[in-house]
Amino acid sequence: MRWREYRSGVSRGLPVGMGYFSVSFGFGAMAVSQGLKALDAALISLTNMTSAGQFAGLTVIVAAASLWEMVLTQLIINSRYALMSLALSQRMGQRIGVLPRILIAFFNTDEIFALAMSRREPLTIPYMLGLGTLPILGWTGGTLCGGLAGSVLPASIRSALGVMLYGMFIAIVVPPAKKERSILAAAGFALVLSSLFAWVPALKAVSAGISIVICTVIAAGACAVLFPVADEEGGA
């Protein structure tokens, strides 16, 4: 029974693992182009497994920002995972040990959460562990391959690979932004604020880590006020 549940989770997680490999390849190449070693980049992916958090963290590392700026940046960007983990815990019952909960929380990315919540049957520990196996292997393996490729490629190619990050974000943001005004507004607010920190002389002194936090909080807060989500009873 447990082995069947695990295999079911692995099968469901295969497309996610393949997608993670391609995205993390760009992270590995970009990390190496910014001065990190391929193994260091792979270790970051192995212990974090968060695309937005890692790309933002890489910016903070390159800027030589302080540790507390890194902590604050990751706390803001990855705070949604706490809510997602709470939602998963409601589907798994109460008789789950601490270690399985920690492992499941570690695997709990946006895509894995969507797959888990779409399952009609009750969630089990073997199923969740199987669901996270290939994604973490794909994310770490893609980072390592991207880092190794970036280490041997010419400087011009490594520089070009850095554009993959921006292409990935455009591919993620543009399609839903065409359908949801809130997403378009959030992207617009973040773009304007980020430009201000880059071009206004008085704001250039703000470190990269703090500017990311400020842009994230203001953009999210503004959209929360302008586009409130209706509750289950139909109110705002």
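Predicted model: local features only at pLDDT ≥ 70, side-chain atom pairs only at ≥ 80, totals over all residues.
Tutor: Residues are numbered from 1 along each chain as its sequence is written, and side-chain values use heavy atoms, with hydrogens and water left out.

Student: What makes Glu5 and Arg119 a salt bridge?

Tutor: A salt bridge needs a side-chain nitrogen of Lys or Arg within 4 Å of a carboxyl oxygen of Asp or Glu. The closest N and O atoms of Glu5 and Arg119 are 2.8 Å apart, so the pair meets the rule. Helices here are DSSP runs of H or I with at least four residues, numbered from the N terminus.

Student: Why is Glu121 also said to form a salt bridge with Arg119?

Tutor: Their closest N and O atoms are 3.7 Å apart, so this pair also falls within the 4 Å limit. The count comes to two salt bridges, and Glu5, Arg119 and Glu121 are linked in a network.

Student: Why is Arg119 called buried, and what is Glu121 called?

Tutor: Buried means under 20% relative accessible area, exposed over 50%, and partly exposed in between (1.4 Å probe, protein chains only). Arg119 has 12%, so Arg119 is buried. Glu121 has 45%, so Glu121 is partly exposed.

Student: How do you know whether Cys223 is buried or exposed?

Tutor: Cys223 has 9% relative accessibility, so Cys223 counts as buried. Its place is in helix 12 (residues 208-226).

Student: What does Cys223 touch?

Tutor: Contact means heavy atoms within 4.5 Å. Leaving out residues up to four places away in sequence, Cys223 touches Ser182, Ala185, Ala186, Phe189 and Pro228.

Student: How many charged residues are in the lining of the second largest pocket?

Tutor: Asp, Glu, Lys and Arg count as charged; Ala, Val, Leu, Ile, Met, Phe, Trp, Tyr, Cys and Pro as nonpolar; the others, Gly among them, as polar. By class, this lining has four nonpolar, seven polar and no charged residues. Among the lining residues are Met49, Tyr81, Ala105 and Phe106.

Student: Which helices each supply at least two residues of that lining?

Tutor: Helix 2 (38-48), helix 5 (80-92) and helix 6 (98-107) do.

Notes:
1 Å grid on protein atoms, 1.4 Å probe; cavity = no way out; pocket = protein on both sides within 12 Å on 5 of 7 lines; lining within 4 Å.
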